[in-house]
Amino acid sequence: QERYHDCAATNFLRFRGSLCGLDTYQNGRSGRMDPSLQDKIHARNHEFHLRMVETRTLSKRSPHYTKGVPSTMAAQIWYENDGDLSVLEGKKVAIIGYGSQGHAHALNLRDSGVDVVVGLRPTSKSVDFAKEQGLEVKSVADAVAEADVVMILLPDQYQAAVYKKDVEPNLKPGAALAFAHGFNIHYGYIKPSEDHPVFMVAPKGPGHIVRREYTNGRGVPVVVAVEQDPDGKTWPLCLAYAKALGALRAGAIKTTFTEETETDLFGEQDVLMGGINHLCDMGFDVLTEAGYQPEIAYFEVCHELKMLVDLMNEGGLNKARWSCSDTAQYGDYTSTVITEETKKRMQYQLKRIQDGSFAKEFIDDQDAGAPKFKQLQEEYGNVRIETVGPKLRAMFSWNNGKDEDADMATFNGKIARTQVQ
């Protein structure tokens, strides 16, 4: 184990070193960076990263947390052969909700041979939508009453009320509760009794991608967790569900409800949504306010982002940088607007996630009818970059075909979803 830790630390430093310009331009391309820049980056970052590797300890939020044990322990990952679909034989799975994730879970499980029923409000527009896909649809209460596994895939803000009204009173003894996000369990909005198994299968991608990858014979990775295991059989059930979803084709990483919830919210707020979206929006405004053509600004700050993200998925940040020009790389290293002040702001937002402040703010607004949320959707749905984007995206041949994903076909260009669950 000591040897493993040493190797992990060495590999981590080598990886970080390459990002900092210490090990850059391999394959016969060394020497292109000014050595003084390497020294400057080295002096600024290397000591910090070394100290982080040597002293970092695992948070108690991690599934691997053991007091005093170094944090270089590898994540536990399960694959296709680790799940057994026979665990689900003779069991009925109720999918509560038929939005982005709901339709993907229901269809994938159905196509994997699982007995599936979809639970929806009788007045939901999604009832006909689900029936058109050949799925059995019942009221939430009736679907729960006959299910051995109940996967709750409603939006976070609705789960607690539906659980109290329709799920909890109708759960069969010993029936399992499942989630694709830990929000309501972690923050205590839903508190199942101890005799019910509780697990999570959380895809690391939106539902339409989960469905698309499944139909293409692939899968989207998931993180999995067990919160309650009264009968000792919850992990096999969790992995069987993940396999039926198609996720074990890509891999399932062990986590906890706490770790998944807090890291998921942080990633959304500070990098994926609250980071990239605002960088694109603000970058567009800066260029157009300086007199540049909106179409050119869109291509430079938004369109090319997809290519970089594809490269990151293929080979990490290193491949994205490797693929770009020396000029682009130099500007990346020396002219970024992401600074230590940004990191401090991120740390502040993480604290709000950890102490429940963000969750309370969000749920309080939703319980009041979501006035702030609706105002923000309207505001950000009409930013200037979105007045240019539709015209340019229509130029791309790959955007002009009919979207075969039933859920994606409901997108009408607006942020607010019209497909009510």
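Strand β5 (residues 149-152) runs parallel to β6 and is joined to it by four bridges, with valine 149 standing opposite alanine 176.

## Salt bridges

A search of the whole structure finds 21 salt bridges. One of them joins the side chains of arginine 211 and aspartate 111, at 2.9 Å from N to O, and links distant parts of the chain, since arginine 211 lies in helix α8 (residues 207-215) and aspartate 111 in helix α3 (residues 100-111), 100 residues apart. Arginine 211 counts as buried at 13% relative accessibility, whereas aspartate 111 is partly exposed at 38%.

Aspartate 148 and lysine 172 also meet through their side chains in a salt bridge of 2.9 Å, N to O. This pair, 24 residues apart, connects the loop between α5 (140-145) and β5, which holds aspartate 148, with the loop between α6 and β6, which holds lysine 172. Both partners are partly exposed, aspartate 148 with a relative accessible area of 22% and lysine 172 with 28%.

In a further salt bridge, lysine 319 meets glutamate 314 at 3.0 Å, N to O; lysine 319 is partly exposed at 29%, while glutamate 314 counts as exposed at 54% relative accessibility. Salt bridges with shared partners also join Lys92, Asp115, Glu136, Lys138 and Glu146 into one network.

Alanine 370 has a positive phi of about 60°, although it is not a glycine. Most residues other than glycine have a negative phi. Alanine 370 sits in the loop between α16 (357-367) and α17 (371-380), and it is buried, with a relative accessible area of 4%.

## Confidence in the model

The mean pLDDT of the chain is 84, and 77% of its residues reach 70 or more. Over residues 1-36, however, the pLDDT is below 50, although the model gives this stretch 46 contacts beyond near neighbours in sequence. Residues 38-57 likewise stay under 50, with 25 contacts beyond four places in sequence. Where pLDDT is low, the predicted coordinates should not be read in detail.

Key:
Residues numbered from 1 in each chain as written. Predicted model: local features only at pLDDT ≥ 70, side-chain atom pairs only at ≥ 80, totals over all residues. Heavy atoms only, no water. pLDDT = per-residue confidence, 0-100. Contact = heavy atoms within 4.5 Å. Pairing = 2+ DSSP bridges. Helix = DSSP H or I, 4+ residues; strand = E, 2+ residues; numbered from the N terminus. Buried < 20%, exposed > 50% of the residue type's maximum accessible area, 1.4 Å probe, protein only. Salt bridge = Lys/Arg side-chain N within 4 Å of Asp/Glu carboxyl O.
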